[in-house]
Amino acid sequence: MEPENRGRGRPPEQNRSIINGILWRLRCGAPWRDVPPKYGSWNTIYRRFRRWSEAGVWETLAVTLAEIMADSGHYSIDSTTVRAHVSAAGGNVWLAPSASGLFLTI
């Protein structure tokens with residue numbers, strides 16, 4: 001829909017800054033409220049991320065990028081820039097007895 005024919009309401013935020021805000025948040029692992037204001041309102045960024053997640057936009061994007069990269073011979077997906085929350089590893093860390101003393105079991 002053309003911007004002049006959208007109807008009533010506030011015009012949407014620019015998708016580029018919203019996507020940059022989402023990527024910043026995922027890269028840093030910070031709370032949504034800590035997203036820098038240069039990307040827009042943290043609440044707008046969070047709501048757009050949630051709405052796009054529920055609609056399957058991120059999955060479609062990942063599949064499309066993987067297909068394009070496979071067709072062109074480029075494979076450079078790097079998951080080291082997206083950090084998981086501390087509890088994402090699951091399991092408990094505890095010390096287990098052994099013959100030579102205690103060792104860490106994860």
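The legends below describe close-up views of a predicted model.

**View 1. Overall arrangement of the helices and strands in the predicted protein model.** The protein contains three helices and two strands, and, read from the N terminus on, these elements follow the order α-α-α-β-β. Of the 106 residues in the protein, 15% are buried.

**View 2. The packing of helix H1 against helix H2.** Two packed helices are described by the angle between their axes and the distance between the axes. Helix H1, which spans residues 15-28, and helix H2, which spans residues 42-55, pack at an angle of about 90° with their axes 9 Å apart, and H1 is therefore roughly perpendicular to H2. On the H1 side the contact is formed by Asn 15, Ile 18, Ile 19, Gly 21, Ile 22 and Leu 26, which meet Thr 44, Ile 45, Arg 48, Phe 49 and Trp 52 on the H2 side. Sorted by class, the residues in this contact of H1 with H2 are seven nonpolar, three polar and one charged.

**View 3. Ile 18, a residue of helix H1.** Ile 18 is one of the H1 residues that take part in the contact with H2. Because its relative accessibility is 0%, where buried means under 20%, Ile 18 counts as buried. Lys 38 lies 20 residues from Ile 18 along the chain, and the C-alpha atoms of Ile 18 and Lys 38 are separated by 9.7 Å.

**View 4. Val 35, in the loop between H1 and H2.** Although Val 35 is placed in a loop, this residue is buried, with a relative accessible area of 6%. Leaving aside residues up to four places away in sequence, Val 35 touches Gly 21, Trp 24, Arg 25, Trp 42 and Ile 45. Of these, Gly 21 and Ile 45 also belong to the residues through which H1 and H2 meet. Val 35 and Ile 45 are 10 residues apart along the chain, and their C-alpha atoms are separated by 8.5 Å.

**View 5. The salt bridge between Arg 50 and Glu 54.** Side chains of opposite charge can pair when their charged atoms come close. A search of the whole structure finds one salt bridge, and in the pair shown here the side chains of Arg 50 and Glu 54 meet at 3.4 Å, N to O. Both residues lie in helix H2, where Arg 50 and Glu 54 are four residues apart, about one turn of the helix. Arg 50 counts as partly exposed, at 44% relative accessibility, whereas Glu 54, at 60% relative accessibility, counts as exposed.

**View 6. Helix H3 and the residue just after its end.** Helix H3 covers residues 57-72, which amounts to 16 residues, and from its first C-alpha to its last the helix reaches 22 Å, close to the 22 Å expected at 1.5 Å a residue. Just after H3, Gly 73 takes a positive phi of about 85°.

Definitions and conventions
Residues are numbered from 1 along each chain as its sequence is written. This is a predicted model: local features need pLDDT of at least 70, side-chain atom pairs count only at pLDDT 80 or more; totals for chains, interfaces and linings use all residues. Side-chain values use heavy atoms; hydrogens and water are left out. Axes are lines fitted to C-alpha atoms, for helices over the stretch in contact, and angles run from 0 to 180 degrees between N-to-C directions. Angles under 35 degrees count as roughly parallel, over 145 as roughly antiparallel, 65 to 115 as roughly perpendicular and the rest as oblique. Contact means heavy atoms within 4.5 Å. Ala, Val, Leu, Ile, Met, Phe, Trp, Tyr, Cys and Pro count as nonpolar, Asp, Glu, Lys and Arg as charged, and the others, Gly among them, as polar. The expected span of a helix is 1.5 Å times one less than its number of residues. Buried means under 20% relative accessible area, exposed over 50%, partly exposed in between (1.4 Å probe, protein chains only). A salt bridge is a side-chain nitrogen of Lys or Arg within 4 Å of a carboxyl oxygen of Asp or Glu.
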